[in-house]
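Here are my notes on this one, as promised. Have the structure open while you read, and go through the points in order.

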Amino acid sequence: MAIQLDFELHGAASELCHRHAWPDRGNHAGNHLCVYGKLLCRRPRGHNTGRYARGGWVDEPHTAKGYQSDFDLLVIVNHQKLTDRVEFWATAEDRLNRELAITKALRTPVNFIVHTLQEVNAGLSEGRYFFIDIARDGIALYQSDATDLPEPQPKTPNQALAMAREYFDEWLPSAAEFFDNFEFNLRQGRRSNAAFQLHQATERYLHCVLLVCSFYTPHVHNLGFLRTQAERIDPRLIEVWPRETKADRSRFEKLKEAYVKARYSRHYRITENELVWLARRVETLGHVVQVVCEEHIAALERSAAA
């Protein structure tokens with residue numbers, strides 16, 4: 001499977017690099033494209049901060065929980081323009097989704113993140129756990145440049161504590177403000193606007209737990225992608241979203257679609273009952289995120305005081 005995924009992504013990237021020969025240090029963009037793959041499993045409660053679980057792979061799509069771990073790839077490119085997900089990676093993303101949902105060639109969900117080498121190096125030098133995990137445990141599926149990633153520079157306990165507090169103080173209240181906006185718009189009967197505000201509250205709660213606990217969050221608005229990343233932080237986050245029935249999954253899909261369709265499509269439809277159900281889940285998400293983040297910060301406080 002790794003070879004197939006590598007072929008799909010690198011094939012798409014190679015096509016782009018042939019069409020766009022942007023110079024960088026005297027070389028073309030395609031000469032330094034790397035694809036690092038890493039199997040990132042959710043971390044069980046109690047694991048060390050900043051480390052994704054090892055040996056915790058979950059494949060239960062047909063059980064009551066319906067939860068399934070996914071496969072993540074980090075694509076490293078040497079030009080900022082190549083990180084444009086819509087312009088350059090939409091075809092690869094569509095292909096992977098089609099192979100999973102339609103042709104069934106893939107059994108495991110696949111996500112990928114695109115960063116420049118400079119961004120990865122900065123993440124390592126800033127002690128961001130996500131990039132440290134990749135550098136330590138990632139499996140290189142394809143490398144056009146054999147140069148190793150630099151040694152990570154983990155944060156000191158005091159630095160980690162300060163950054164976690166800063167993220168928590170910024171993102172948790174921001175999510176709560178959007179939830180307030182949701183409630184106001186729902187009372188006014190503006191369901192599409194309410195759906196968008198609820199999407200933003202959900203997105204910010206997920207960004208909050210990712211930033212506080214890993215110092216990294218992908219720059220995407222896809223709630224499904226953010227949810228899978230966040231659920232690796234703590235299994236309690238998995239329990240927030242029921243997956244047992246088609247109706248459960250359909251309501252979450254409507255929330256995902258609200259970022260674009262609730263604002264721009266006159267065909268977007270969502271009922272008040274669906275919004276009320278989703279709102280209860282988002283309230284629960286906020287409570288769980290707060291608990292997980294506060295526990296994580298408390299652990300950092302103990303580490304800094306030691």
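**Notes on the fold and a few residues**

1. The protein chain has 11 helices and six strands in its secondary structure. Keep in mind that this is a predicted model.

2. Some whole-chain numbers to start with. Of the 306 residues in the protein chain, 49% are buried. The accessible surface is about 15200 Å², and carbon and sulfur atoms account for 50% of that. As for contacts in the chain with a separation of 6 or more, 72% are between residues 24 or more positions apart.

3. Now the strands. β4 (residues 71-77) runs parallel to β5, and the two pair over seven bridges. One of the pairings to look up is V77, whose bridge partner in β5 is T116.

4. Is β5 mostly covered or mostly open? Covered: seven of the seven residues in this strand (110-116) are buried. That goes for both faces, with V110, F112, V114 and T116 buried on one side and N111, I113 and H115 buried on the other.

5. Next, the nonpolar cores. The largest one holds 66 residues, and the members touching the most others are V209, V212 and V289. At least two residues each come from β4, α4, α5 (129-137), α6 (157-187), α7 (191-214), α8, α9 (246-257) and α11 (272-305). Apart from this core lies another, of 13 residues, which includes V75, V77, F88 and A92.

6. Setting aside neighbours within four places in sequence, V212 contacts A164, Y167, F168, C293, H296 and I297.

7. Which residues does Q229 touch, not counting those up to four places away in sequence? They are D72, N111, L210 and P218. Q229 itself sits in helix α8 (residues 223-231). With a relative accessible area of 3%, Q229 falls under the 20% cut-off and so counts as buried.

8. Buried, exposed or partly exposed: where does Q118 fall? Q118 has a relative accessibility of 39%, between the 20% and 50% limits, so it counts as partly exposed. Its place is in helix α4 (residues 117-125). If you want a distance to check, Q118 and Q80 are 38 residues apart in sequence, with their C-alpha atoms 9.2 Å apart in space.

Terms used
Residues numbered from 1 in each chain as written. Predicted model: local features only at pLDDT ≥ 70, side-chain atom pairs only at ≥ 80, totals over all residues. Heavy atoms only, no water. Helix = DSSP H or I, 4+ residues; strand = E, 2+ residues; numbered from the N terminus. Buried < 20%, exposed > 50% of the residue type's maximum accessible area, 1.4 Å probe, protein only. Contact = heavy atoms within 4.5 Å. Pairing = 2+ DSSP bridges. Areas by Shrake-Rupley, 256 points an atom, 1.4 Å probe, with all protein chains shown as cover. Core = buried A, V, L, I, M, F, W, Y, C linked by side-chain atoms within 4.5 Å.
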